[in-house]
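Here is a brisk report on one structure. It takes the sheets, the helix packing and the ligand shell in turn.

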Amino acid sequence: MRVQSMCNTDTRDIKATVKQILELEKAGCEIVRVAILDMEAAKAVGKIKKQIHIPLVADIHFDYKLALEVIKQGIDKVRINPGNIGSEDKIKAVVIACKKNKIPIRIGINGGSLEKDLLKKYGPTPKAAVESALRHVRILEKLNFRDIFISIKFSDVTPMIESYRMLAKKVNYPLHLGVTHAGTPYMGTIKNAIGIGALIAEGIGDTIRVSLTGDTKEEIRAGFSILRAVGKRKEGPEIISCPGCGRTEINLISLVEKVEETLKLIKKPIKVAIMGCSVNGPGEAREADIGVAGGKGMGAIFAKGKVIKSVKEKDILKTLLEEVEKL
Ligand code: SF4
């Protein structure tokens with residue numbers, strides 16, 4: 001399961017695009033997509049590829065010449081819908097180039113832009129979206145091309161889940177999951193966690209993108225958190241923390257925020273429990289790699305199931321981070 005993001009820079013601005021991809025890489029991004037709007041953007045692909053370290057996907061609408069150019073430039077995957085390319089000769093040219101260079105094609109269906117006849121027949125429904133995807137698939141299969149990925153994105157979670165379920169019953173191709181136009185990091189993460197999470201829990205999906213309106217790095221963070229929550233990834237920190245209540249005697253919220261912020265780029269799999277009291281706290285703290293159970297102006301620090309020391313409240317953060325460092 002790979003986590004993907006998409007640049008929001010102008011692809012023709014090579015410097016800005018490379019800068020953003022390198023930042024995404026640092027955040028853990030494993031595949032990145034760029035929009036190819038014209039020939040200048042297509043020709044920038046080679047230069048961008050030379051400066052990055054993760055696979056690059058070109059997002060192309062309609063223009064087969066742009067697809068041929070990005071393939072020439074060494075792209076790793078092309079997202080283009082064959083049914084929108086035009087004449088069969090043009091589709092064939094793209095397919096031949098992809099075959100020769102072993103480049104997969106991602107068919108990307110968007111619930112907001114389905115074909116008119118399908119909309120008339122089924123309305124903007126999962127049935128229409130799946131039928132649309134299958135039309136594009138059949139075009140490629142007719143040309144004996146099977147290196148295909150498919151995505152069907154809706155901005156609503158329910159039709160998104162239903163579409164992928166239907167599609168997974170009909171094809172064996174790898175599926176790219178995501179709720180599109182999902183909104184700001186808060187609501188967008190919730191929508192994607194439900195949509196992507198439900199499908200992954202059923203064994204559906206191969207790559208994911210959490211599309212968010214905001215810093216692209218947040219997409220990666222959300223993507224990994226979703227994978228971790230459904231047990232598909234172990235890397236990175238998992239913070240267990242209680243909500244706090246009348247028993248809490250330390251400044252719990254600020255402590256949790258600081259720990260989360262400090263550990264957010266850590267790659268090693270680590271479970272940190274931050275609990276507000278000594279009633280229910282020790283249980284969780286004992287189960288984690290590192291934990292703290294708060295007391296009156298102090299915290300009992302746990303490592304691998306045992307209390308290793310008690311420290312003053314002002315030293316809890318420092319001590320927790322030191323123990324994480326030792327792991
Ligand atoms: S762990 Fe303790 S402080 Fe936290 S919510 Fe439970 S009882 Fe309250």
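Eight strands make up an open sheet with parallel pairing, in the order β6-β5-β4-β3-β2-β1-β8-β7. The edge strands are β6 (148–153) and β7 (176–177); each has a single partner strand, so one side of each is left without a neighbour in the sheet. Helices and strands here are DSSP runs numbered from the N terminus, helices being H or I of at least four residues and strands E of at least two. Two strands pair if DSSP finds at least two bridges between them.

This is a predicted model: local features need pLDDT of at least 70, and side-chain atom pairs count only at pLDDT 80 or more, while totals for chains, interfaces and linings use all residues. Residues are numbered from 1 along each chain as its sequence is written, and side-chain values use heavy atoms, with hydrogens and water left out.

**Inside the parallel sheet**

Strand β1 (residues 2–6) and strand β2 (residues 31–35) run parallel and are joined by three bridges. Met 6 has Arg 33 in β2 as its bridge partner. Helix α6 (residues 126–142) lies across β5 (105–110) and β6, at about 155 degrees to β5. Axes are lines fitted to C-alpha atoms, for helices over the stretch in contact, and angles run from 0 to 180 degrees between N-to-C directions.

**The mixed sheet**

A further open sheet has five strands in the order β9-β10-β11-β12-β13, with mixed pairing. β9 (237–241) and β13 stand at its edges with a single partner strand each, so one side of each lacks a neighbour in the sheet. On average, neighbouring strands of this sheet are turned by 20 degrees against each other, direction ignored.

Six bridges link β12 (residues 298–303) to β13 (residues 306–312), and the two run antiparallel. Met 298 stands opposite Lys 312 in β13. Two residues lie between the strands of this hairpin, where Lys 304 takes a positive phi near 45 degrees. Helix α12 (residues 316–326) lies across β10 (270–275), β11 (290–294), β12 and β13, running at about 5 degrees to β12.

**Helix pairs**

| Pair | Axes come within | Rough crossing angle |
|---|---|---|
| α2 (residues 39–51) and α3 (residues 64–72) | 8 Å | 15 degrees |
| α1 (residues 14–27) and α9 (residues 216–229) | 9 Å | 25 degrees |

α1 and α9 are therefore roughly parallel to each other, a term for angles under 35 degrees. Their crossing is right-handed: the near helix is turned clockwise from the far one by less than a right angle. Gln 20, Glu 23, Leu 24 and Ala 27 of α1 make the contact with Thr 216, Lys 217, Ile 220 and Phe 224 of α9. Contact means heavy atoms within 4.5 Å. By class, this contact has four nonpolar, two polar and two charged residues. Ala, Val, Leu, Ile, Met, Phe, Trp, Tyr, Cys and Pro count as nonpolar, Asp, Glu, Lys and Arg as charged, and the others, Gly among them, as polar.

The crossing of α2 and α3 is right-handed. Met 39, Ala 42, Lys 43 and Val 45 in α2 meet Lys 65, Leu 66, Glu 69 and Val 70 in α3. Five of the residues in this contact are nonpolar, none polar and three charged.

**The ligand shell**

Which residues surround the ligand? They are Cys 242, Gly 244, Cys 245, Arg 247, Thr 248, Met 275, Gly 276, Cys 277 and Asn 280, with a heavy atom within 4 Å as the cut-off. This shell divides into four nonpolar, four polar and one charged residue.

How values were computed: Angles under 35 degrees count as roughly parallel, over 145 as roughly antiparallel, 65 to 115 as roughly perpendicular and the rest as oblique.
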